[in-house]
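Dear colleague,

Please find below the structure that I am handing over to you.

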Amino acid sequence: MVFHMSNLRARITFGLLLAVPVPLQAAEPRINEVQVIGTHNSYHIEPHTSLMQVIRQNRGDRTADGIQYSHRPLAEQFGELGVRQIELDVFADPKGGHYAKPKGRQMLAEAGLPLGPDPDPQGELREPGLKVLHFPDFDFRTTVQTFQGALQQVRDWSQAHPHHFPIMILVEVKGGALPPQYTQPLPFTKREFDRIDEEIAAVFKDDEVITPDSVRGNRETLREAVQQDGWPAVSEARGKVIFALDNGGEIRNGYLAGHPSLKGRKLFVSVGADHDAAAFMKLNNPVGQFAHIQEMVRGGFLVRTRADGGTDEARNNDTSQREKAFASGAQFVSTDYAEPDPRFSDYHVRFEGGIVVRANPVNGGDRQEDLETLPAR
């Protein structure tokens, strides 16, 4: 299906984005003309107290402080906090069991210290498939152990709330060598990249996902489709999900390999505005990249940025980055604090009045209502 954009025409010329001025407010918003709140490492539960002490002793307070946050289960984030973008870190585990015995727990047992909750009460870590966690040996607590399990939770909530604004699922591939005493992440091969798409297809039907193919339509490149035809209207996208890859560099290139302009792939990827696959961009610094984010949003691209990081803003009750993220127009503003952590401060990231989906401050006009509550067409 080709989606037509009536309120924006733009093109890339010599790598520069040139936008034609048009009226700001259309009759119906498109998914790039709104702004929603997302969560970073949306599965994350901070390490048990005894393991946190080990982390502080071995890696320092800065590392320990940076992972001292927890999220509610995904369904509660969607329903009670109005989150419409999540992030899942995935590790390859084609045979199963590679991450089932965290060495941090072994260290605690040897020292006679409390182990904390069983990280795998249902035995899911022993089964083949992509796993969801932050760091294998020490920061492994999660509300959901597997990628497919997380996707099923999203789909269950989505089917129970079919009017929802599309949920962005950001996928970060984890890998790379660690010091030899740690559990080594398994490499992501072409087979593992394909597995990401296969596990998505095992949970979601084709018409439940906004894919690069569906946005591209009959255009030659994804960038051309976004620039000339645009993103779907909110009414067309309700009840769906959209996936994007958090990684750049070799991981992104590996996912793109053999799929020009992401043909046949499930995930959008973050590339430069002159790339054939340009549609989504990860620009996580709304302070230093403020003008660039606004330029990309005006050009019709989807952008994810972050309101905070490393727990610093919550500890200091510092809202400056949050406000820049809101003003930047990035459609997805991600946070570790969709609600306050009373241990630190009242810092949190929500829109005033409990709005879930608001008009984008850069390209969305002056609508004041919660756009998720607009009547379905």
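**Findings**

At 2% relative accessibility, Asn-41 counts as buried, since the cut-off for that class is under 20%. The model in which this residue sits is a predicted one. Asn-41 belongs to the loop that runs between strand 3 (34-39) and helix 1. Its phi is near 45°, which is a positive value in a residue other than glycine.

Asn-317 also has a positive phi without being a glycine, in this case near 50°. The loop that holds Asn-317 lies between helix 12 (312-316) and helix 13 (320-328). Is Asn-317 buried or partly exposed? With a relative accessibility of 41%, Asn-317 counts as partly exposed.

**The protein as a whole**

The protein contains 13 helices and 13 strands. Its radius of gyration is 21 Å, close to the 21 Å that the globule rule gives for 377 residues, so the protein is as compact as a globular protein of that length. Along the principal axes, the C-alpha atoms fill a box of roughly 65 × 45 × 40 Å.

Of the 377 residues, 56% are buried. Among contacts between residues at least 6 apart in sequence, 73% join residues at least 24 apart. The protein exposes about 15600 Å², and carbon and sulfur atoms supply 50% of that area. There are 42 positive and 51 negative side chains, and the centres of these two sets lie 3 Å apart.

Helix 3 covers residues 74-81, and its buried residues are Leu-74, Gln-77, Phe-78 and Leu-81. Seen down the axis of helix 3, these residues fall within an arc of 120°, so they line one face of the helix. Gly-79 and Glu-80 are exposed on the other side of helix 3. The cover over the buried residues of helix 3 includes strand 3, strand 4, helix 5 (147-160) and strand 6 (167-174). Gly-82 follows helix 3 and has a positive phi, near 70°.

In helix 4 (residues 103-111), the residues Gly-104, Arg-105 and Leu-108 are buried. Why do they share a side of helix 4? They cover an arc of only 100° around the axis, which puts them on the same side of helix 4. Helix 1 (49-59) is included in what covers the buried residues of helix 4. Just after helix 4 comes Gly-112, with a positive phi of about 70°.

Helix 10 (residues 249-256) has Arg-252, Tyr-255 and Leu-256 buried. Around the axis of helix 10 they cover an arc of only 100°, which puts them on the same side of that helix. Helix 6 (190-203), strand 8 (241-245) and strand 9 (267-269) are included in what covers the buried residues of helix 10. After helix 10 comes Gly-258, whose phi is positive, near 80°.

**Individual positions and distances**

Gly-97 is placed in the loop between strand 4 (85-91) and helix 4. With a relative accessible area of 32%, Gly-97 is partly exposed. Which residues does Gly-97 contact, leaving aside its neighbours within four places in sequence? They are Leu-125 and Arg-126. Gly-97 and Lys-263 are 166 residues apart along the chain, and their C-alpha atoms are separated by 33 Å.

Glu-236 is found in helix 9 (residues 234-237). Glu-236 is partly exposed, with a relative accessible area of 33%. From C-alpha to C-alpha, Glu-236 and Phe-165 are 9.8 Å apart in space, while in sequence they are 71 residues apart.

Ser-320 lies in helix 13. Its relative accessible area is 45%, and Ser-320 is therefore partly exposed. The C-alpha atoms of Ser-320 and Leu-88 are separated by 26 Å, and the two residues are 232 residues apart along the chain.

With kind regards

How values were computed
Residues are numbered from 1 along each chain as its sequence is written. Side-chain values use heavy atoms; hydrogens and water are left out. Helices (H or I, at least four residues) and strands (E, at least two) are DSSP runs, numbered from the N terminus. The radius of gyration is taken over C-alpha atoms; the globule rule is 2.2 Å times the number of residues to the power 0.38. Buried means under 20% relative accessible area, exposed over 50%, partly exposed in between (1.4 Å probe, protein chains only). Contact means heavy atoms within 4.5 Å. Accessible areas come from the Shrake-Rupley method with a 1.4 Å probe; for residues, only the protein chains shown count as cover. Lys and Arg count as positive and Asp and Glu as negative; His and the chain ends are not counted. The place of a charge is taken as NZ of Lys, CZ of Arg, CG of Asp or CD of Glu. The arc is that of the directions from the helix axis to the C-beta atoms.
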